[in-house]
Amino acid sequence: MMIHEKPVAIITGAGSGIGRAVAKRLSTRGPVVLVGRRADPLKETGSMLGTEGEDWIAVPADIDAAEDRERIIERTIDTFGRLDYLINNAGLGTCAPLGELSERQIADLISVNLTAPILLTRLALPHLLDRGGCVVSIGSRSAEDPFPGLGVYGCAKAGLEGLARCIANEYGDQGIRAYTIHPGAVETAMLRSIVDEETLPGDMVLGPDDIAAQVERFVLGQHDEPSGSAVVVAKN
């Protein structure tokens with residue numbers, strides 16, 4: 001099996017928004033594995049990065065499905081022989097107060113935003129241990145200060161802080177680092193499905209690359225925060 005000479009990153013939710021911006025930055029460091037539910041947006045992201053099969057591969061997958069999580073890791077190792085960075089970015093946003101959410105909606109919010117990243121990280125761990133790798137999870141400022149209607153979403157995203165601390169405490173002495181980023185409002189399709197521009201003008205929100213830049217700093221170790229930390233990135 002060929003082992004690529006450069007670091008390899010898995011990025012979930014890579015078909016748009018923050019995930020696409022992260023892919024653009026990390027692809028300058030090594031190959032990226034683009035994960036998302038739909039193939040076409042992943043291919044569109046990949047077309048910005050270089051040569052398919054060398055600089056990137058697309059793995060259409062639902063991170064909430066066990067067989068898909070296994071396939072993500074298998075494709076990565078089969079293609080590049082290593083895994084250095086896992087970026088847990090994919091998420092599900094449903095905007096409604098707690099009392100108006102169904103049990104199914106609550107279960108889905110917790111599963112996609114928290115349980116699935118934990119289980120994907122678990123599968124990635126043996127390969128990250130080989131490389132002294134890094135896990136960065138994209139949370140939400142709603143984890144600390146939930147916008148009305150995003151309370152349960154914020155609960156799930158808050159759990160990603162626990163995941164980072166878990167990794168830091170249990171595997172830090174083996175070289176793995178982990179962090180959580182809690183973005184404020186970011187100009188994405190998900191944001192605009194919840195808040196229109198009249199309510200929240202574009203000059204009041206972050207761009208996806210603002211978050212991608214912090215991801216890059218974490219994976220490269222160009223920061224002061226200790227492993228296990230959570231940071232808020234928001235407009236002043």
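How are H1 and H7 oriented to each other: oblique or roughly parallel? H1 and H7 are oblique to each other, where angles under 35 degrees count as roughly parallel, over 145 as roughly antiparallel, 65 to 115 as roughly perpendicular and the rest as oblique. This is a predicted model, in which local features need pLDDT of at least 70 and side-chain atom pairs count only at pLDDT 80 or more, while totals for chains, interfaces and linings use all residues. Residues are numbered from 1 along each chain as its sequence is written, and side-chain values use heavy atoms, with hydrogens and water left out.

**Overall fold**

- The protein chain has seven helices and seven strands, taken as DSSP runs numbered from the N terminus (helices H or I, at least four residues; strands E, at least two).
- Read from the N terminus, the order of elements in the protein chain is β-α-β-α-β-α-β-α-β-α-β-α-α-β.
- The protein chain is as compact as a globular protein of its length, because its radius of gyration of 17 Å is close to the 18 Å that the globule rule gives for 236 residues; the radius is taken over C-alpha atoms, and the rule is 2.2 Å times the number of residues to the power 0.38.
- The C-alpha trace spans about 50 × 40 × 35 Å along its principal axes.
- Buried residues account for 49% of the 236 residues, with buried meaning under 20% relative accessible area, exposed over 50% and partly exposed in between (1.4 Å probe, protein chains only).
- Of the contacts between residues at least 6 apart in sequence, 68% join residues at least 24 apart, a contact being heavy atoms within 4.5 Å.

**Helices H1 and H7**

- Helix H1 (residues 17-26) packs against helix H7 (residues 208-220) at an angle of about 50°, with the axes 8 Å apart; axes are lines fitted to C-alpha atoms, for helices over the stretch in contact, and angles run from 0 to 180 degrees between N-to-C directions.
- The contact involves residues including Ile18, Ala21 and Val22 of H1 and Ile211, Ala212 and Val215 of H7.
- The residues of this contact of H1 with H7 comprise ten nonpolar, one polar and three charged, counting Ala, Val, Leu, Ile, Met, Phe, Trp, Tyr, Cys and Pro as nonpolar, Asp, Glu, Lys and Arg as charged, and the others, Gly among them, as polar.

- The axes of helix H3 (residues 66-80) and H4 come within 9 Å and cross at roughly 30°, which makes H3 roughly parallel to H4.
- Among the residues in the contact are Ile72, Ile73 and Ile77 of H3 and Leu119, Leu120 and Leu123 of H4.
- The contact of H3 with H4 divides into eight nonpolar, one polar and two charged residues.
- The axes of H4 and H5 come within 9 Å and cross at roughly 20°, and H4 and H5 are therefore roughly parallel to each other.
- In the contact of H4 with H5, 15 residues are nonpolar, three polar and one charged.

**Two loop glycines**

- Glycine 93 lies in the loop between strand E4 (85-88) and helix H4 (103-131), and is partly exposed, with a relative accessible area of 28%.
- Glycine 149 lies in the loop between strand E5 (134-138) and helix H5 (151-171), and counts as buried at 12% relative accessibility.
- Leaving aside neighbours within four places in sequence, glycine 149 is in contact with Thr94, Cys95, Ala96 and Pro97.
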